[in-house]
Amino acid sequence: MTSPPIVLRLSGITKRFGPLVANDSISLTLYEGEVLALLGENGAGKTTLMNILFGHYVADEGSIEAFGQPLPPGSPRAALAAGIGMVHQHFTLADNLSVLDNVAVGTEPLWRPRSDRAAAKAKLLDLARRFGLEVRPDAPVGDLSVGERQRVEILKALYRDARVLILDEPTAVLTPQESASLFDTLRRLTADGLAVVFISHKMNEVFAASDTVAVLRGGRLVATRRTAATDREELAELMVGRALKPPTPAPLEPGEPVLTLSGVTVGSGHGRPLLDAVDLTVRRRQIVGIAGVSGNGQTALAELVSGLIHPESGTMALKGEAIGSAGPAEMVRRGVARIPEDRHAAGLVGAMAVWENLIAERYHDRAFQRFGLIRRGAARAYAEEVIAAFDVRCPGPDARTQLLSGGNMQKLILGRTLAHGPDLILASQPTRGLDVGAVSYVHGRLLEARAAGAGVLLISEDLDEILALADGITVAYHGRLTPVLPHGRVSVRQLGLLMAGHWEILPEIVDAA
Amino acid sequence: MRLEPREHTPLAARLLAPVAAVAAALALCALLVAWTGAPVLRAYGLLLEGAAGSRFALTETLTRATPLILTGLAAAVAFRAKLWNIGAEGQLYMGALAAVVLGGGMLDLPAWLLLPTVMIAGAAAGGATLLGPAVLKVRFGVDEVVTTLLLNFIVLLLVSMLLEGALKDPMGMGWPQSAPVVEAAELPKLVERTRLHTGLLVALGLSALLWLIDTRTIWGYENRAVGANPRAAAFAGMPVTRVMLRTALLSGGLAGLAGVIEVCGLKGYLTLDLSPGFGYSGIVVAMLAQLHPVGVVGAAVFIAGIFVGADAMSRAMPVPNYIADVLVAASLLCMLVAGLLTRYRLRRG
Amino acid sequence: MELFQTILDILVSAAFWTAVLRIATPYILGTLGELLCERAGVLNLGIEGIMTLGAMAGWMAVYQGADLWTGVLVAALCGGLMGLLHATLTVPLGLSQHVAGIGVTLLGTSLSYFVYRLVLPQASTPPTVEPFQPLDLPGALAQTPMTYMALILVGVVAYVLYRTPVGLAVRMVGENPAAAEAQGLSVTAVRVGAVVAGSALMALAGAFLTLSAFNAFFFNMVNGRGWICIALVVFASWRPGKALLGAVLFAAFDALQLRLQQVAGGVLPYQLFLMMPYLLSILALVLVARRASYPRALMIPYRKGER
């Protein structure tokens, strides 16, 4: 048996960021017509490796060969010319420009006196037809759904005659059904002779789509296997380096409601409201998970419960008390612990010290100020306590916050907000981008708070996280929420359909439950 | 080559940055001086002598530094909150206007009461002038850079209108200038037979006070948080809009006070050339000081020395005194780069 | 009613529209230049200083014996150099576009004054040159070649931005530099190029003042025109055609206030009329600010590979 030609060979790639070794002497080979899954936890070095391959970063050591030719480092242009295309996890599209503009930019000689848009459009439509990637060339990208944007990203690569396609966590933002259709597309591409690398930390995707799987852990390549010749247990162990113990929340009897939304509408000013007559109840000792593709009202819901925006109609009540337009400070005072979606942008002030961030929600307390003067000694001492209690790894309370790792930043936020025995916890994407240790720490803390009597509103794009933690699940679609469905009474397939807007199946689920 | 963030900046680097920037600016401007045909070292020697070579030169430099400290503080507090106040020049004139209106005999008060009243009024006038653009920014999202810049022109035209109209000094021989302020509204001299006045003490006191507010109070704490990351500050429950408006009042007030002090301490009356660009130079002062309220004092003295020294130099050799403005602009640009190098390091690859 | 009649009389006179186009020319050029920079994602507050330098350099070249078009070229080159300075600071180094721009304005202005004083140490009345003459055309068409050049440049900039690959690249780096980088474009090169070209246009606006509208260089002669151009860019929603419209509208108001000043000069202080353009600019900003759709990456530095 002769193996198909080699399209890509990475040899001894090493990349350091300061003291952190993101990639440690990694060697990989990719064959024509093959789907290679790059499996690993967050922080294992998958994205760094692909960014080196595509020329966003320059490796400290090692070399890359594409189709037998050495690939010059640090140049996306060279990677593109060598037939490598990349679909980033965070799409690199300009919302204000059309699909065609986004696809065609940079493909013509820069100083050509006139763009040949007719030819570009014809080529785009032809590719779209051939691979079943339907798009509207003249629509502004800003108007497209997430799935459509991903199609544009893939078309961008195909338009440049890519022979190797790299996809970074392509399913993170898709419904299960959209993911399935993406895998179909990948099959059509490999049938056409392309090679595909896709990055994932999800086991089931590896089995659904790949021929070969390479496992990364802590920056090193720990194993390469034929997908058909391995199983979940082996991969899980390779990936984590120890047996996984998923959290198994013991069922608890829910208590009285801590958060009640009735008919809440927000952002009805322009077009479709961000939240559309939403009803939701979160009780003590209960975790309610909001599932859904991003952009279906989750951000507005989080901002509402954070106190950043207020209902235009309908009411929000905490522990049975209606609250009008309470701001963030008032929400904190009323016992709401808030974990923001974006810890860098909204959670912490990176340029300030750890202790200054820890008192940010309660610096008006008499404990931390007198007559407007900050009691620095008291604040530092308090910070020391929280740092110890929440295992924040940092040089001390005076360290600049931006130097902390993502996991430690999240622990800092947990410490700031959970240290005061909250009644309601709003957790928005609480583990996004964290490594496996930090993820289980965050999950543990949320379950602990639930056992202590708090209600938890968990908003996550990671369906697995919701399935692992939530007692009840509701799906967000176009600013509306389904009724809370008890965990265990709804299948992943059904959730996927609900996430895609097929709410006509709701009666059968509710009836069965 | 690429830039890599430093984990922390040693204090020495922060202190050295302005020195390096100024040295670079002096070196660059040496080319211009050489172009004029003047001997470079001698020119710079004369500049130094003119700025600090005698008791008189020193008092002149400090006199010039007084308004620069205040406009420098105005820029520093605003820039820290990412409020791009480029309108200190206009705010300064509004303060000066308040000074000649209230101090010109309208209020019959003893000096100990009149001076503070005039100062507060001037600061309020300056603050109100910046409040407008600040409100437009938080309410309508109008970029404050352009509005504050345009307001400078509007204020100058307003002053010109008043100096030719309602405020015109009847004894002014027809010149567009206001009547002088009454004696009770004059700031006492600091050193006899020089122009140096007690306004300097006010400026120094405010610089120290702002530093204390910045580091020790919840006001300063809120200001720093809002300046560094307004979104996170709002999420934590800080009153971001109020902090912005408060900063605007403070920044504009400091610039307005500069106008009051120039009128009450130095000129005695208001003309259209009260400020040779103190508002704009204040930006350079603030940047050289890396927005630190105490650093502003040093930076202001330096910039004042350049202006005073360049005047002396240009009287002695054929180098136009605009060399001072070039030097100041070059210092600002060099400081930007020097500041970057304290936060990043250059790495190959 | 009388005022209304006066305004109407002014508006229908050909001389008025001649003046409007003349007044509009520096605004057209300056706004186009700023627009080009901002479309690539770089705010250029150096405009006021670059216009001053363009005015001085263009005039100085002609005063030293160059012909008028060489003067224009010299101005554009000086503007491009200042643009290169601004771009170096803000693009590869990623420094604050606000502060760098103010620095460039201070430098451009002071350098102009320095050089002017150095060459002409004791000129009490500013020396003059023979400026561009209006073309021999009827009515409002009787403009100098520089005005026609400005009008043609509106079309050129619009064509380049919307119809050529390089224009698409400029728009892309202004919207999403990471996307441009991923498509193999050099964000640095495109941004620097756009800022240099835009700054050259600004300098042309300055040169128009000394070589076409007037015949000498005065201190403070740019007098805030650059800042007004920045307001006009916002007003124009970053579109060249609308920039032309905005500049002409603005110039019409300016010309109108000049005429009214002559008519009503005795009653109201002239400063009130002179304030009008500035007040108008602020008003325009307030009106459009809410619905302005900024280039998404405006004022955001892009550093390749930064995490």
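This is a predicted model: local features need pLDDT of at least 70, side-chain atom pairs count only at pLDDT 80 or more; totals for chains, interfaces and linings use all residues.
**A first walk through the model**

1. Setting aside neighbours within four places in sequence, you will find Leu46(B) in contact with Ala312(B), Met313(B) and Ala316(B).

2. Now step back to chain B as a whole. Chain B has 13 helices and two strands. Its radius of gyration is 21 Å, close to the 20 Å that the globule rule gives for 349 residues, so chain B is as compact as a globular protein of that length. Along the principal axes, the C-alpha atoms of chain B fill a box of roughly 70 × 60 × 35 Å. Of the 349 residues in chain B, 56% are buried. Looking at contacts in chain B with a separation of 6 or more, 78% are between residues 24 or more positions apart.

3. Chain C is the next stop. How many helices and strands does the secondary structure of chain C come to? The count is twelve helices and zero strands. With a radius of gyration of 20 Å, close to the 19 Å from the globule rule for 307 residues, chain C is as compact as a globular protein of that length. The box filled by the C-alpha atoms of chain C, taken along the principal axes, is roughly 65 × 50 × 35 Å. Buried residues account for 55% of the 307 residues in chain C. Among contacts in chain C between residues at least 6 apart in sequence, 80% join residues at least 24 apart.

4. In an unreviewed entry, UniProt carries the annotation "transmembrane region" for several spans of chain C, including residues 6–29, 41–62 and 68–87. In the model, residues 6–29 of chain C are 96% helix and 0% strand, with end C-alpha atoms 31 Å apart. Residues 41–62 of chain C are 73% helix and 0% strand, and the end C-alpha atoms of that span lie 35 Å apart.

5. For a closer look at helix packing, find helix H6 (residues 145–163) and helix H7 (residues 165–175) of chain C. Their axes come within 5 Å and cross at roughly 80 degrees. That angle makes H6(C) roughly perpendicular to H7(C), because angles of 65 to 115 degrees count that way. H6(C) brings Val160(C), Leu161(C), Tyr162(C) and Arg163(C) to the contact, while H7(C) brings Val166(C), Gly167(C), Val170(C) and Arg171(C). Sorted by class, this contact of H6(C) with H7(C) has five nonpolar, one polar and two charged residues.

6. Where does chain C meet chain B? Here 36 residues of chain C are in contact with 37 residues of chain B. On the chain C side, the elements that give two or more residues are helix H5 (97–119), helix H10 (225–235) and helix H12 (270–289). H5(C) gives the most, with 13 residues. By class, the side of chain C that touches chain B has 27 nonpolar, six polar and three charged residues.

7. Chain C also meets chain A: 21 residues of chain C are in contact with 24 residues of chain A. H7 and helix H8 (177–182) of chain C are the elements that give two or more residues to the chain C side. The largest share, seven residues, comes from H7(C). That side of chain C has ten nonpolar, six polar and five charged residues.

8. Finally, a detail in chain A. Which residues of helix H17 (residues 492–499) of chain A are buried? They are Leu495(A), Gly496(A), Leu497(A), Leu498(A) and Met499(A). The cover over these buried residues of H17(A) includes helix H6 (176–191), strand E13 (286–291), helix H16 (463–469) and strand E21 (472–477) of chain A. After H17(A) comes Gly501(A), which has a positive phi near 95 degrees.

Conventions:
Residues are numbered from 1 along each chain as its sequence is written. Chains are lettered from A and ligands numbered from 1 in the order in which they are written. Axes are lines fitted to C-alpha atoms, for helices over the stretch in contact, and angles run from 0 to 180 degrees between N-to-C directions. Helices (H or I, at least four residues) and strands (E, at least two) are DSSP runs, numbered from the N terminus. Angles under 35 degrees count as roughly parallel, over 145 as roughly antiparallel, 65 to 115 as roughly perpendicular and the rest as oblique. Two residues are in contact if their C-beta atoms, placed from the backbone, lie within 7 Å. Ala, Val, Leu, Ile, Met, Phe, Trp, Tyr, Cys and Pro count as nonpolar, Asp, Glu, Lys and Arg as charged, and the others, Gly among them, as polar. UniProt positions are given in the numbering used here, feature names are shortened, and annotations may be inferred rather than shown by experiment. The radius of gyration is taken over C-alpha atoms; the globule rule is 2.2 Å times the number of residues to the power 0.38. A residue is buried if 20 or more other C-beta atoms lie within 10 Å of its own, exposed if 12 or fewer, and partly exposed in between; C-beta atoms are placed from the backbone.
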